[in-house]
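Please open the model in a viewer and keep the selection panel at hand. The stops below proceed from one selection to the next.

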Amino acid sequence: MSELWTRDYLGLYFWRLSKLYDAAMPKRGREEELEKEKKKGKEEVEKNQLKCQYCGQSNGSLLPWKLGGNYFHNTCMVKYSEAETMVKNRVYTLVHHGKHMESKVVEGNMDRDAVSKEVFEELDKRYSENTRYYHTLTHIADLLKLSAASIATGGSRIQISDQEVVDWSILYHDIIYDAKSSTNEEDSAALFKNWAIKCRYSSQYSCALTPECVDKVHDYIIKTKTHDVSSSTDRDLQFFIDFDMSILGRESEAEYENYCHRVRLEYAHVSDEAWAHGRGAFLRGALSLPHGSGDDSKSQDEAKGTDKDKDEGKGK
């Protein structure tokens with residue numbers, strides 16, 4: 001009887017022990033998976049020489065950013081986070097307090113908080129694509145700073161008359177960015193207009209931009225294809241184009257060289273010879289403009305055009 005009891009007791013003991021082990025395994029498994037992911041990420045950085053999404057450099061330790069496959073140096077991550085916050089705050093202000101954002105008679109489920117959240121999340125997702133190095137939220141934040149400075153200047157200097165139109169244009173002008181495409185401007189303008197139309201006619205939204213604002217922003221974005229506003233009398237459009245082109249006029253040579261490096265990374269598919277030829281063509285074209293400044297987001301056509309003999313693409 002005693003021997004039977006002992007056998008049963010030991011069986012129960014080992015059964016309970018196995019249950020405890022099974023319960024601990026999922027946690028242990030998750031920890032092991034996390035370690036594997038960290039190791040894999042480190043190996044991927046070392047193997048592929050991934051570059052910081054902010055400065056475009058591969059030297060130093062790179063840290064993963066959220067879940068988008070982007071990597072940053074620690075100091076660069078702080079700067080990028082600041083740019084992200086600035087864009088987010090500007091979107092909130094435009095949606096909540098903008099004169100062009102009208103409340104609809106029949107309010108939908110999406111109030112202004114929800115609309116501003118939707119807009120920012122779309123911007124954040126697009127501008128954080130891991131193929132971008134210059135045309136990121138940092139670029140957008142830089143242009144927003146220039147827009148704000150033109151308003152704050154005061155005095156006798158000419159200022160923007162409708163900052164909201166300019167800032168909506170800044171937010172969306174590079175939202176579609178494929179280095180191998182020649183229709184980025186049209187695609188970006190269309191994305192913005194389709195979103196605005198959805199807000200206007202969908203019962204889901206409680207507010208929408210005025211048609212006048214939508215049409216202007218759409219046209220402004222299209223103008224970034226050539227940056228030629230010599231025939232326009234719209235001062236706000238001229239300001240917007242100059243903001244987008246302002247990197248070429250920066251006094252810091254190091255800043256300009258870093259900008260060139262980051263844009264070059266976005267066009268890694270273009271040969272060095274083609275890039276150099278296209279770069280020169282772009283700069284000559286920019287200098288010939290009455291408002292001589294330029295944003296290399298549009299040099300994609302020039303760079304691709306230099307490879308036209310190799311069927312790389314069509315130039316302007």
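Begin by selecting Tyr172. Leaving aside residues up to four places away in sequence, Tyr172 touches Val119, Leu123, Tyr127, Ser188, Leu191, Phe192, Trp195 and Ile221, where contact means heavy atoms within 4.5 Å.

The model is predicted: local features need pLDDT of at least 70, side-chain atom pairs count only at pLDDT 80 or more, and totals for chains, interfaces and linings use all residues. Residues are numbered from 1 along each chain as its sequence is written, and side-chain values use heavy atoms, with hydrogens and water left out.

**The nonpolar cores**

A nonpolar core is a set of buried Ala, Val, Leu, Ile, Met, Phe, Trp, Tyr and Cys residues joined through side-chain atoms within 4.5 Å; buried means under 20% relative accessible area, exposed over 50% and partly exposed in between (1.4 Å probe, protein chains only).

**Aromatic rings**

Now display Trp168, Tyr172, Phe192 and Trp195 together; they form one aromatic cluster. Rings of Phe, Tyr and Trp (its six-membered ring) pair if their centres lie within 6.5 Å, with planes under 30 degrees apart counted as stacked, over 60 as edge-to-face and the rest as tilted. By this rule there are 12 aromatic pairs. Select Tyr220 and Phe240: the ring centres are 6.0 Å apart and the planes lie at 15 degrees, so this pair is stacked. Tyr220 belongs to helix 7 and Phe240 to helix 8 (residues 235-245), so the pair ties together parts that are 20 residues apart in sequence. Tyr220 is buried at 2% relative accessible area, and Phe240 is buried at 0%.

**Helices 6 and 7**

Select helix 6 (residues 184-201) and helix 7 (residues 211-223), whose axes come within 8 Å and cross at roughly 170 degrees. Helix 6 is therefore roughly antiparallel to helix 7, a label for angles over 145 degrees. Among the contact residues are Phe192 and Lys193 of helix 6 and Val214 and His218 of helix 7. The residues of this contact divide into nine nonpolar, two polar and five charged.

**Last stop**

Finally, select Thr93, which lies in helix 2 (residues 74-97). Thr93 is partly exposed, at 32% relative accessibility. The C-alpha atoms of Thr93 and Glu164 are separated by 9.8 Å, although the two are 71 residues apart along the chain.

Notes
Axes are lines fitted to C-alpha atoms, for helices over the stretch in contact, and angles run from 0 to 180 degrees between N-to-C directions. Helices (H or I, at least four residues) and strands (E, at least two) are DSSP runs, numbered from the N terminus. Angles under 35 degrees count as roughly parallel, over 145 as roughly antiparallel, 65 to 115 as roughly perpendicular and the rest as oblique. Ala, Val, Leu, Ile, Met, Phe, Trp, Tyr, Cys and Pro count as nonpolar, Asp, Glu, Lys and Arg as charged, and the others, Gly among them, as polar.
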